[in-house]
Amino acid sequence: MTRLIGSGSLVIATHNAGKLKEIQALLDPYGVQCLSAGSLGLPEPAETGTTFAENALIKARASAEASGMAALADDSGLSVDALGGRPGVYTADWAERQWFEGEPGRDWFMAMGKVEGMVQALGTNASRACAFHCVLALAWPDGEYAVYEGTAPGTLSWPPRGEMGFGYDPVFVPEGYDQTFAELDPADKHAISHRADAFKKLVADQFG
C-alpha cells in the first residue's frame with residue numbers, strides 16, 4: 001500500500017517561485033500547505049541523474065532528509081522528436097548563461113532560440129512534434145518514496161508567444177490547441193499540463 005501524505009505541510013523541493021505557485025494551486029483542494037525548499041533555506045542538490053525520475057528523487061530525498069518532513073520534487077523538461085528527445089533532462093541546462101555571457105542565471109529566450117535553431121538546421125521537413133514530461137517524486141525522511149509520471153504532447157511554435165507560464169512555455173503549443181502554454185489562462189494550462197497529468201496520478205494514489 002502506498003504511504004499517504006495526508007493534509008498538513010509538505011516541502012516542495014524547489015527554489016522556483018513559479019513552480020511552487022503551480023504546485024500549491026494543484027494541492028489546495030486537499031488541504032496541503034506547501035513550503036518551498038528555498039524559503040526553508042535548504043540547499044539545492046546536484047542533479048546528477050540521467051532520467052527525470054532519478055533527478056526528481058535526488059531533490060525530494062535531499063529536502064526530506066534536510067527538513068525531517070515529507071517532500072515533493074518534480075523534474076520536468078521538453079523533448080523534441082527531431083532532436084532525438086533533447087534537451088530532455090538537460091532542459092534547464094540549455095538555458096544556463098556562461099560566465100562570459102554576463103551574470104550567472106538562466107536565459108530562457110536563449111534556450112528557446114537554441115532549440116529552434118537546431119530544428120531549423122534540419123530542414124523545412126523536420127518534425128516539430130515535442131512533449132513536456134514531468135516526474136513527481138514523494139520522499140519521506142525514512143527513505144520511503146513514490147514516483148508519478150506525466151506527459152503533455154504538442155508542437156514547437158516560433159517566435160515565442162505569451163507572457164504567462166515560464167521556461168519553454170512560449171514556444172509550446174499543446175495538442176488540440178492553437179495557443180502556447182504562455183498564452184493560455186493558468187487554470188486552463190494547469191488542467192492539461194504534463195505536471196497536471198502527473199498530479200492526477202498522485203492525487204488518485206494519495207487522496208483516492
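**Entry 1: ground rules.** I counted a salt bridge wherever a side-chain nitrogen of Lys or Arg lies within 4 Å of a carboxyl oxygen of Asp or Glu. This is a predicted model, so I kept local features to pLDDT of at least 70 and side-chain atom pairs to pLDDT 80 or more, while totals for chains, interfaces and linings use all residues. Residues are numbered from 1 along each chain as its sequence is written, and side-chain values use heavy atoms, with hydrogens and water left out.

**Entry 2: salt bridges.** How many salt bridges does the rule give? I get nine. As background, side chains of opposite charge can pair when their charged atoms come close.

I looked up lysine 59 and found its side chain in a salt bridge with that of glutamate 47, at 3.7 Å from N to O. Lysine 59 belongs to helix 2 (residues 52–67) and glutamate 47 to the loop between strand 2 and helix 2, so this pair ties together parts twelve residues apart in sequence. I took helices (H or I, at least four residues) and strands (E, at least two) as DSSP runs, numbered from the N terminus.

Next I checked burial, where buried means under 20% relative accessible area, exposed means over 50%, and partly exposed is in between (1.4 Å probe, protein chains only). Lysine 59 is buried at 10%, whereas glutamate 47 is partly exposed at 42%.

Then I went to lysine 189, which meets aspartate 169 in a salt bridge of 2.6 Å, N to O. This pair links distant parts of the chain, 20 residues apart: lysine 189 is in helix 4 (residues 186–192), and aspartate 169 is in the loop between strand 5 (145–156) and strand 6 (172–174). Lysine 189 is buried, with a relative accessible area of 5%, and aspartate 169 is buried too, at 3%.

Lysine 201 and aspartate 197 also form a salt bridge, with their closest N and O atoms 3.8 Å apart. Both sit in helix 5 (residues 194–206), four residues apart, or about one turn of the helix. I noted lysine 201 as partly exposed at 42% and aspartate 197 as partly exposed at 23%.

I also wrote down a network of salt bridges that links Lys19, Asp74 and Arg195.

**Entry 3: strands.** I counted two strands as paired if DSSP finds at least two bridges between them. Strand 1 (residues 8–12) runs parallel to strand 2, joined by five bridges, and glycine 8 stands opposite valine 32 there. Strand 1 also runs parallel to strand 3, joined by two bridges, with isoleucine 12 opposite leucine 72. Strand 3 pairs with strand 4 (residues 129–139) in the antiparallel sense over ten bridges; glycine 77 has histidine 133 as its bridge partner in strand 4.

Is strand 3 (residues 71–80) enclosed, or is it open? Nine of its ten residues are buried, so strand 3 is largely enclosed by the rest of the structure.

**Entry 4: rings.** I paired rings of Phe, Tyr and Trp (its six-membered ring) if their centres lie within 6.5 Å; planes under 30 degrees apart are stacked, over 60 edge-to-face, and the rest tilted. The whole structure holds six aromatic pairs. One of them is stacked: tyrosine 30 and phenylalanine 207, 4.5 Å centre to centre with 15° between the planes. The two are 177 residues apart, tyrosine 30 in the loop between helix 1 and strand 2 and phenylalanine 207 in the segment after helix 5. Tyrosine 30 is partly exposed at 32%, and phenylalanine 207 is partly exposed at 25%.

**Entry 5: charges over rings.** I counted these where NZ of Lys or CZ of Arg is within 6 Å of the ring centre and within 35 degrees of the ring normal. Arginine 61 lies over the face of tyrosine 145, 4.7 Å from the ring centre. The charged end of lysine 114 sits over the ring of tryptophan 94, at 4.3 Å from its centre.
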